[in-house]
Each structure stands twice: as structure tokens, then as C-alpha cells.
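This briefing is intended to be read alongside the sequence and the three-dimensional structure shown below.

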Amino acid sequence: THAPPKKYEPKPFELPEANDNIRRVMAYLTKQRYIAPEVVSHFASEKKIYESKKYHNAVFVGTDENGTPRQAHARSTITFGKPFRITVAGSDTRYSFSHFGVSDKLYVFEAPIDMLSFISMHKDGWQNHSYAACCGVGDRVMFQMLKDNPNIKDIALCLDNDLGGQKATQRIKEKLSEMGI
């Protein structure tokens with residue numbers, strides 16, 4: 001017998017409920033991952049990083065060009081065992097954890113913590129540039145940022161040096177080359 005295909009109903013996007021404070025997330029990012037406290041504070045003040053109330057996960061929020069949350073990526077703050085990571089159901093993956101600057105430079109990363117680490121190591125004038133965490137090796141975030149920021153002319157692909165990152169870098173480079181970037 002043949003079963004009819006199940007009808008797929010996308011879930012509406014809903015941010016996890018925020019905790020009263022971000023103590024666990026701040027401790028995890030600064031003490032365990034060595035992210036500069038002022039970098040974490042910047043994104044927390046923009047409500048792009050917060051701590052979830054139920055599980056105390058770090059939540060990295062992606063917004064559209066108007067600042068409306070469209071995507072969220074949650075990551076556990078545990079320091080032992082395998083970490084929990086998930087993109088929140090209903091997220092629009094064209095918008096991910098990012099920062100929009102005024103220069104023509106965009107840095108693209110696989111994960112939010114990679115992005116925050118890079119900024120922590122290169123703090124001088126970092127807010128002038130744009131940054132995006134793809135939460136994987138897809139390119140939808142990068143192309144959405146190019147659409148929303150036509151001033152971007154120079155892109156640095158800061159993906160992991162593993163097989164997935166290398167393949168994605170080659171694929172994205174070819175697409176950008178076709179676009180003249």
C-alpha cells in the first residue's frame with residue numbers, strides 16, 4: 001500500500017523565553033570561550049544574545065534589515081559532554097546572528113561563537129565591518145546580507161578548516177566570482 005504524503009505545516013517562529021539575567025551565558029562565553037566581555041555586552045544590549053529561561057541556553061538572535069527577530073540559534077552552556085545546538089523551529093535561515101557595519105567588508109562564519117571569537121581578537125574598529133554566522137555551511141545568510149547591504153564588496157569566508165568548511169568555501173567562492181565579488 002502507498003501512504004499519502006504528510007502535509008507539512010511550518011511552525012511559527014517564536015523566540016525562547018528570556019531569563020531575568022545572562023549570568024550563565026556571560027560566564028560561559030567569557031570564562032570558557034574567552035570572548036571579550038565588552039563584545040558579549042554589545043550584542044546583549046542589542047538583544048541579539050540572551051539566556052533562555054527554561055534551559056539557560058545561550059540564544060543568538062538573527063534579525064532582518066528592520067531589526068525584527070527572524071531566526072534564533074540556541075546552544076547549551078554546559079562545559080562537559082556533547083553540547084546541545086539547535087536552530088529554533090520556524091526560523092527564517094536567511095537571517096542569522098549578525099552585525100551590520102558601514103564598511104564594504106563582510107566576514108562570514110559557521111557559528112556565532114566563531115564570529116564572537118574573531119571580533120574579540122580584532123576589536124579595533126570592529127563595529128565598522130559586517131559579520132554573519134551561518135549556523136552551518138549554507139550561504140543563504142551571506143546572500144541576504146549582500147541584498148540588504150549593497151555597499152558590501154569584499155567578503156572574507158572564515159569557515160572551519162575541515163572538509164565541510166573547505167567544500168563550502170569553494171562552492172561560495174565560485175558563486176561570488178560569478179557575481180564579480
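**Helix 1 and its surroundings**

In this predicted model, the buried residues of helix 1 pack against helix 2, strand 1 (49-51), strand 2, strand 3 (69-75) and helix 3. Those buried residues of helix 1 are Val25, Tyr28, Leu29 and Thr30.

**Helix 1 with helix 2**

- The axes of helix 1 and helix 2 approach within 9 Å, and they cross at roughly 145 degrees.
- This crossing of helix 1 and helix 2 is right-handed.
- Helix 1 contributes Met26, Leu29 and Thr30 to the contact, while helix 2 contributes Pro37, Val40 and Ser41.
- Tyr34, which follows helix 1, has a positive phi, near 60 degrees.

**Nonpolar cores**

- The largest nonpolar core comprises 23 residues, of which Leu29 and Phe43 touch the most other members.
- At least two residues of this core come from each of helix 1 (23-32), helix 2 (37-45), strand 2 (58-63), strand 6, helix 3 and strand 7.
- With five residues, helix 3 gives the most to this core.
- Leaving out residues up to four places away in sequence, Phe43 touches Lys48, Ile49, Phe97, Ser98, His99, Met115, Leu116, Ile119 and Trp126.

- Four strands form an open sheet in the order 5-7-6-8, and their pairing is mixed.
- Strand 5 (98-99) and strand 8 (154-158) are the edge strands, each pairing on one side only.
- Strand 6 (residues 105-109) and strand 8 run parallel and are joined by five bridges.
- Helix 4 (residues 140-148) lies across strand 5, strand 6, strand 7 and strand 8, and runs at about 150 degrees to strand 7.

**Cysteines**

- The structure contains zero disulfides.
- A disulfide would require the two sulfur atoms to lie within 2.5 Å.
- Cys135 is likewise in no disulfide, its nearest cysteine sulfur being that of Cys134.
- Cys134 is buried, with a relative accessible area of 13%, whereas Cys135 is partly exposed, with a value of 23%.

**A loop residue: Thr93**

- Thr93 is located in the loop between strand 4 (85-87) and strand 5.
- Is Thr93 buried or partly exposed? Its relative accessibility is 35%, so Thr93 counts as partly exposed.
- Apart from neighbours within four places in sequence, Thr93 is in contact with Arg140 and Val141.
- Thr93 and Asp139 are 46 residues apart in sequence, and their C-alpha atoms are 9.6 Å apart in space.

Technical notes: Residues numbered from 1 in each chain as written. Predicted model: local features only at pLDDT ≥ 70, side-chain atom pairs only at ≥ 80, totals over all residues. Heavy atoms only, no water. Pairing = 2+ DSSP bridges. Contact = heavy atoms within 4.5 Å. Axes fitted to C-alpha atoms, helices over the stretch in contact; angles between N-to-C directions. Core = buried A, V, L, I, M, F, W, Y, C linked by side-chain atoms within 4.5 Å. Buried < 20%, exposed > 50% of the residue type's maximum accessible area, 1.4 Å probe, protein only. Left-handed = near helix turned anticlockwise from the far one by under 90°.
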